Amino acid sequence: AETPNNYDHKHCSIFSTIVPYFDLAKMINQHTSASSPPPAKDFYGQVQVTETSELVEAALTEFRQSITMNATTAIKEAHQKCPELLTREFYLAFLRAEVFNVKLATKRYAKYWNQRLFLFGPGKAFQSMTLSEALVDDQESLEMGYARYVGKNPSTRRPVILFDPSCVKGKPYNRRSVCRAIWYVLHTVLEHDDEAQQKGMVVVWQLEHLQLFQVDHKLFSIAGKCMQGALPVRVSAIHLCHPPSFLKTIMPLINLVLVERIRKRLKFHFGDQKDVLIQLEKVGGLTKEILPTELGGQNVLCHDEWLRDQKAANR
């Protein structure tokens, strides 16, 4: 049987890798433009902008001008090779991610194309982000289920994504391919859900069964580089479920060094399955009905079926 000390030893590096993986200081943005309505904060303490037609159209016009004036090599290549992908809705996702701050949205857009080119390569970066095109060679990584769509929390109107590093079973895998699979799940949910773009996503990490050999620093590094500040996503909260127990003793120190807005959204849930379920509902509004069975919830995830549905919809 695994001893508590061995458990903590195996997990001591997880905290230092998972948090940078989702660099909250960069991914959680609360900026508004001067023309935005007075900001209102929601359940997660995030600013929500009332999207009037005047605000949206003015921001889109300014954004188009900004990305043209600040076009990187990757942006120029994208505008040349896949103009059909650069729709009004595509641009709007970046503005929503930065709460209509055009300068920050432009910066994110530039990084998005740089990292998409790095991750997918010149042969696929400018193809449609679908299973039959850009992801056609990543079936095995997609089926691994490192990141899975759980569903939409009806109380907060935000999609929930489950990350489970224990899905790595020891077989050889291509790190970039796994990152492309993660990118695809997040990208697909965002692309087809305006509320997800506006309100953000909730990320839940299942760490209960994680073993030392499954802590892949290089994978975390590549994923962090490709996603933080690049994908047009607002992270509303990150729930770390069943983290190593030693973290509980140093939580006061952790809370001391984290800035307030990150401290409010980064949640550690200790204890047995029942304790964690109570905490997730209390601080995150996540009930058993929405939580997956992997965490003791009632939601039976079928990732393979979700992938089949996306393929049938030509996504």
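Strand β3 (residues 147–153) is largely enclosed by the rest of the structure, because five of its seven residues are buried. Buried means under 20% relative accessible area with a 1.4 Å probe, protein chains only. Strands are DSSP runs of E with at least two residues, and helices are runs of H or I with at least four, numbered from the N terminus.

β3 pairs with strand β4 (residues 158–163) in the antiparallel sense over six bridges; pairing requires that DSSP finds at least two bridges between two strands. Gly151 stands opposite Val160 in β4. Four residues lie between the strands of this hairpin, in which Arg157 takes a positive phi near 60°.

## Model and chain

This is a predicted model, in which local features need pLDDT of at least 70, side-chain atom pairs count only at pLDDT 80 or more, and totals for chains, interfaces and linings use all residues. Residues are numbered from 1 along each chain as its sequence is written, and side-chain values use heavy atoms, with hydrogens and water left out.

The protein chain has 16 helices and seven strands. Of its 315 residues, 54% count as buried. Among contacts (heavy atoms within 4.5 Å) with a separation of 6 or more, 74% are between residues 24 or more positions apart.

## Helices α4 and α7

Helix α4 (residues 53–69) packs on helix α7 (residues 102–120) at an angle of about 50°, with the axes 10 Å apart. Axes are lines fitted to C-alpha atoms over the stretch in contact, and angles run from 0 to 180 degrees between N-to-C directions. The two helices are therefore oblique to each other, the class left after under 35 degrees (roughly parallel), over 145 (roughly antiparallel) and 65 to 115 (roughly perpendicular).

In this pair, Ala59, Glu62, Phe63, Ser66 and Ile67 of α4 meet Val102, Ala105, Thr106 and Tyr109 of α7. By class, the contact has six nonpolar, two polar and one charged residues. Ala, Val, Leu, Ile, Met, Phe, Trp, Tyr, Cys and Pro count as nonpolar, Asp, Glu, Lys and Arg as charged, and the others, Gly among them, as polar.

## Helices α9 and α16

Helix α9 (residues 175–191) and helix α16 (residues 303–312) pack at about 60°, their axes 13 Å apart. That angle makes α9 oblique to α16.

Tyr184, Val185, Thr188 and Val189 in α9 meet His303, Trp306, Leu307 and Gln310 in α16. These residues divide into five nonpolar, three polar and no charged.

## Phe268

Phe268 lies in strand β7 (residues 266–269) and counts as buried because its relative accessibility is 12%.

Notes: Buried < 20%, exposed > 50% of the residue type's maximum accessible area, 1.4 Å probe, protein only.
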